[in-house]
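Hi,

Here is the structure I promised you.

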Amino acid sequence: SELTLAAEWLGNGVALRGPYISMITNHTTNLLIRGGMLFVVGVFLALVLNLLQVQRNVTLFPPDVISSVFSSAWWVPPCCGTASALIGLLYPCIDRHLGEPHKLKREWSSVMRCVAVFVGINHASAKVDFANNVQLSLTLAALSVGLWWTFDRSRSGFGMGVAVALLATLATQLLVYNGVFQYTSPDFLYIRSWLPCIFFAGVITMGNIGRQLALYECKFVQEKIHQD
Amino acid sequence: MTVRERLRQNISAAFYRHGLLCASYPVPIILFTSASILTCCYPLLKLPLPGTGPVEFTTGVRDYSVPSHGTQGDLGERPDWYRGPPVAYIQQVLVKAAVSPWDSSLVPVDVFRSPLGRVFSLLEEIRDHVYTDRSLESLCLQVTDLLPGLRRMQSLLPEHGCLLVSPGNYWQNRRDMFDSDPDILKTVHQHEPKGLHTSATLKDLLFGVPGKSTGVSLYSKKRVVTYTITIALSSYDARFVASLRARLKQLHPSTNCSLREDHMVHVHFKEEIGIAELIPLVTTYIILFAYIYFSTRKIDMVKSKWGLALAAVVTVLSSLLMSVGLCSLFGLTPTLNGGEIFPYLVVVIGLENVLVLTKSVVSTPVDLEVKLRIAQGLSSESWSIMKNMATELVIILIGYFTLVPAIQEFCLFAVVGLVSDFFLQMFFFTTVLSIDIRRMELADLNRRLPAEAGMPPPKPGPLRPREAPPPSRPSPHTITLQAPAFRNLRLPKRLRVVYFLARTRLAQRIIMVGTVIWIGILVYTDPAGLRTYLAAQVSEQSPLGEAGLPPHLGVAPVFPGGDPTSTLNVLPAPEPTPLPENQSQGHGEARSGPAPLTSPQITWGSEDEEVWRRLSFRYWPSLFSYYNITLAKRYISILPVIPVTLHLSPQEAIETRHPQDTQHAPRTSAKTTELQADLTLYKVAALGLFAGVLLVLLLFCLYRVLCPRNYGQNGVQHGRRRRGDLPCDEYGYSPPVSEISPLLLRGHSMDIECLANDGMLLASCCLAGQIRVWDAQTGDCLTVIPNNGLRRSSSSGCWEHRDGWDPSSPARNASTPIMDNEHPLRRRTTPVRPALFGDQPDLTPLIDTNFGEVPPSQMMPGCGFDFGELVERAYKEHEASPPLPFPPSPPAARQRRRSLGDQSVAPPEQVLLAPWDWDSSVWSMELRGNLIAAGRSSGKLELWDAVEGSLRCCNEDGSSGITALAFLNNRIVAARLNGSLDFFTVDIHKPLGLLQYRGPPGRASLPPSPCYSSEDVISCQLTRSVQCAHQKPITVLRAAAGRVVTGSQDHTVRVYRLEDSCCLFTLQGHAGGITAIYIDQTMVLASGGQDGAICLWDVLTGSRVSHVYGHRGDVTSLVCTTSCVLSSGLDDLICIWDRSTGIKLYSIQQEVGCGASLGVISESLLVTGGQGCVSFWDLNYGDLLQTVYLGQSGEGQPVRQLLVLDNAAIVCDFGSELSLVYVPSVLEKLD
């Protein structure tokens, strides 16, 4: 939805400009556009997935639907958006620096599939009743690695995913220690043990989106290089 | 052979056979598949429809005991949710109160003020009721805080105590507040939601009866006030409840009440989906649709994309249905929420196989039979399909061993879904695909048939077997004529936005989706009680559904007189009776006629037994949800209602009056009563009607504003272009003034045949054999080399320049009689047609003057053999008939002729001047530095100085005409008509012995062109001649990056090394003669053939990278950029392919005859020729950017050749003129 519209919009914007492609070719502008789109996607996913995590104790239309959409603290969605923008921009960058462009299934349909699986992982972590937390964590870890294998398969992607997942878990841990927020039922050192898996899957997903978006820029940049 | 290999072969063979089967019997297979789908879906009928309505179960009161938690399977009729204690026992006290007898001294407020006032004493009674030291406090459901979001209700709902709800809550259960309330109605109504309410309102909640039947209204006809006191009990004490019932009945006897009291109803509530949970669900569905959209968008090269996309979606959906059906057939009832897991199942099953199948089938050779195409396509993808399927199955198996019930169930569904999906793909989709491909072939056949009929039948050539028969080409008149105007204008942005909206039908779709969602919400939330009404209807008709319940339950509003308790009272009461105790009459509605003074009567009917049924089914969940108690998947038990009848005397009513009550009583007239009752409904209806009318008007206005009068009449069909199809001129928009003005280079007397450029210079050769050299920057004509080669005229301006034999008379075009009149003496010695060919037929009428079907970029090579078959026929005819002394010249004045006929054009005076050159014309030309290499039909290779116009060197080693030339560094490669390939070396003997180099011209990637000064002695030596480079004439010759690539009629492409003229590869893969080749510095090699196929090759290894079929007919030219491959064909279609994947991105329909004129200026700018104009396109999106008209008048000649210069200018062949167009926007970027 958001993604397609955004992509559509970007495509149209470029098409509308026509001969004034130089504006899009401008690296900074392009970077900003991509970053903005990734930010929007990140915020949207954060809101929706947070909604998934909210336990269903209110079955009826509560009078405050809107507030339940924004039930988390105000800073969570912007943080997720910023992080996803960073990750989505970093992935193509790393690809370029390592010199191993991502070849696997670079299509929007594959990206959509990836996003759907990511939402599914979140769904499973929120709704499925697992026997214990170890089982939950193991299942989610397997699902996340499966996600990486299906849609990414690049070493840089894996490394980045693990690194970001660890960092993010650490940051969450620090936040919890400082009492900024708490989990309802922490199972491992005050946090939920499945958190790294979710982070990992999220990194892979956002990286996938970022790479796909970067494809649009690639064409222009290649052209520029060619002309230079 | 390994096991793997053998397996692979077996699988491939099996798929091949299967493909044959499917394509042979499409209809039976589709019928079989549909039948199996229906069979597998049949068990779905038994599944309960998903819904969130509550279900009921009724037990007797007397032998009631709290159901145990254990699983007792023996109690057959007991539903499985009926386990454990309920959330609460609901005891309702139904109060009906009236002031009677009614007299005229009473005001309307009296109808409800004193009856409502009695609620406080009743409440007190209930609260204080004690039975053997058990009070209500100990039994009732204790509630705590309201939810935080319900602060405004805090004063209205009980907190921190018994959940006891009554109208008294409006006044905090305090009599004094009630008494001091000046306007009861206002108090009651101030909490009602203004708009459309979706759940139980506060009034419903507190009164416990539907708002209309409370009687709390100034216009109530019956003057009976009805309300309930609802008590929620946490535990059931039969004796306490019985004593309370007895006590209340004793205090307020209801004489004629015969309500049944022996049944308690257990109501089980299902999970409800709130908006908060709907959002993730909707998100997943949106992602799913995006996935389906992006997947099906890739289907290409088929007859009906929509049909195949639909078939793909049907395949996936019915495989899911089949999986659910099969699972439930084997006793696996789905416990998961189907709607939630469905998107994930689709994503797991995926559409990939379907797409892979389509692509594989489509990329098989088009000339094969449909059956074989399907079979080949299937078998070539069989291995990957099987591998993918095995992988997915293994993954799902791993998921199954997680031993989490939900995941196991998901995996089970997924496995069955995968298998059934595979089945459907193999049978259903393959068959649909075969039907589609057959349809496409039929359509092709219809298109081609007249074309082939118009051509002479191909004959084997006994005379000249070397020359191949011409390929069957559709003659131009059968090609659908494209309206040339559709690309004429550049649209302003606002119109493009509007067109985008119109193209995607965004507004309509949003409105449609909005309406659907709105209707869905309406039905779901059920504001009008539709569902309860339907439930009542159904339960009334099916005795099975409501075992143990009275059959007339809840139908009373529908059949007012049908209840057994009032069967005796069907007749309306004849007259009002004063004593309320004697009232046993029917309903108030039955009373006919207005009776303002009739006393209200309190009646008890069966509809009062379960008064909660008339409330929204959401009543209980919302009441409990306010206290954060969910009823989802739980149940409540509703005890039989306690009837209480209150009769108040008028005296009492007057006493309890508030001073203000009498003031506002008579203000409103009675006629609004009807309206008041159903005001909400009318409001909604009026609003809807108004909105609808407004919408229609708005759309009508939009239509009037945006749409032209002739909408849908003269539509230009250009369905092939996928993006950027902007039907411009339909909308009557006049084109803006073009900012690019072309520079016309005039001077040639006849049509221009070859063009060559070297960045700075531009050389052109016309049919007359005249070569002109132009400055590519300024458009000045630098040199003119006439055909005889001896006269030279250097000029500064070209416009006024006319060389000697270049008269303005148009009659000079072909062997004119004027010429003959001028030189009557020479006519016999030097006839127009040389004596050498005197025994040969006149070929001029055979010359096809249509250039649309000739690839201009290979003008030279094409001429040698393309007409061989025609020539042959002419020869045969010629043998039969003696040659005419003066063959009739072709009638067309502006005709363009191939080089074969050029000798007749040569004027006699030139023949005299240059007798050695009388029969040859320039067939090919190349320009490097200031040297023009010209290949002549006589087989002579000449080197001219471009600046001075002098002949520098001449090589006459070969005798066969040079059809193509390549000039790279100091080597010249010449391809000859007989299929041989000659390599020449240009040696320069400078007096100083050094080569001077000019600065790099424009593009740094090109090798710098050497500059030869006039003092140099230039010699051209044949270094090597490959005699039999190809079996058949060489059609294309290209050189770049130290390689020479030749394409020939013999279906092969050969790659030679330039230095040692060694043949590196012979590339085979085309099924027709090669017609186009592209190679550039980056060693990209693409070739196109007469079969319409395009091959990409790896020059280093000689392997084929990709192979696509894009054109119907010859591929006429090919250009590669870093990301895409552009090809044009005889079908006047320009296709843009993704270079790495070989997927067609989009195509542009060209005008007739302009198909091959295309050039790429930069990575993203494509230029194509049209009818008197050139168009610029955005290569990335296929959008038309600008159209530049070359001539003054709109109707010009078609642009047949197009050459992109390094300084971002394009030169196009525009009849006898050249047109130089600079592209300023690109220049900026280059700088």
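B:C765 is buried, at 0% relative accessibility (buried means under 20% relative accessible area, exposed over 50%, partly exposed in between, with a 1.4 Å probe and protein chains only). A:C80, by contrast, counts as partly exposed at 32%. Its sulfur has the closest cysteine sulfur 6.9 Å away, in A:C79, which is too far for a bond.

Before I go on: this is a predicted model, where local features need pLDDT of at least 70 and side-chain atom pairs count only at pLDDT 80 or more, while totals for chains, interfaces and linings use all residues. Residues are numbered from 1 along each chain as its sequence is written, chains are lettered from A and ligands numbered from 1 in the order in which they are written, and side-chain values use heavy atoms, leaving out hydrogens and water.

Searching the whole structure turned up one disulfide over all chains (a pair of cysteine sulfur atoms within 2.5 Å). B:C140 and B:C162 form it, with sulfurs 1.8 Å apart. The S-S torsion is about -80 degrees, so this disulfide is left-handed. B:C140 sits in the loop between α4 (136-139) and β5 (142-143) of chain B and B:C162 in β6 (161-162), so the bond ties together parts 22 residues apart in sequence (helices, H or I, have at least four residues and strands, E, at least two, as DSSP runs numbered from the N terminus). Both cysteines are buried: B:C140 at 2% and B:C162 at 8%.

Cheers
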